[in-house]
Amino acid sequence: MLPAANRLRTSREFELVTKTGERATSLSLVLYFKVLENSAPNPRVGLIVNSSVGGSVVRHRISRQLRHAIAPHLNKFPASSHLVIRV
């Protein structure tokens, strides 16, 4: 699980990263990345799992898997970086 200090929470934070951040796409994922100068000193991650992925159980399972996969790599991200993963 991601520590609370490493999670994006507000819609404003998500919007800022998805609208102004760099974007990388694949068939099933879109990654948005932005380094913010006046932000918390630790990297922050947010997930967007659309309902087209499946029902609630499936979406939550995918979210848990993504959080588990990204947590060990947080120390590799620059300070004040924000990452949004859209499935």
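Modeller: Helices (H or I, at least four residues) and strands (E, at least two) are DSSP runs numbered from the N terminus; angles run from 0 to 180 degrees between N-to-C directions, with axes fitted to C-alpha atoms, for helices over the stretch in contact. The model is predicted, with local features needing pLDDT of at least 70 and side-chain atom pairs pLDDT 80 or more, while totals for chains, interfaces and linings use all residues. Residues are numbered from 1 along each chain as its sequence is written, and side-chain values use heavy atoms, without hydrogens and water.

Strand 1 (residues 22–25) pairs with strand 2 (residues 30–35) in the antiparallel sense over four bridges, where pairing requires at least two bridges found by DSSP. A hairpin of four residues connects strand 1 to strand 2. Leu-31 in strand 2 is the bridge partner of Ala-24, and Leu-31 also stands opposite Ile-85 in strand 4. Strand 2 and strand 4 run antiparallel and are joined by six bridges. Another facing pair is Val-35 and Ser-81, the latter in strand 4.

The largest nonpolar core has eight residues, among them Leu-2, Val-45, Ile-62, Leu-83 and Ile-85. Such a core is a set of buried Ala, Val, Leu, Ile, Met, Phe, Trp, Tyr and Cys residues joined through side-chain atoms within 4.5 Å; buried means under 20% relative accessible area, with a 1.4 Å probe and protein chains only. Helix 2 (56–70) and strand 4 (81–86) are the elements giving two or more residues to this core, and helix 2 has the largest share, three residues.

A second, separate core has six residues, including Leu-8, Val-17, Val-30 and Tyr-32. Leaving out residues up to four places away in sequence, Leu-83 touches, among others, Leu-8, Leu-31, Tyr-32, Val-45 and Ile-70; contact means heavy atoms within 4.5 Å.

Conventions: Buried < 20%, exposed > 50% of the residue type's maximum accessible area, 1.4 Å probe, protein only.
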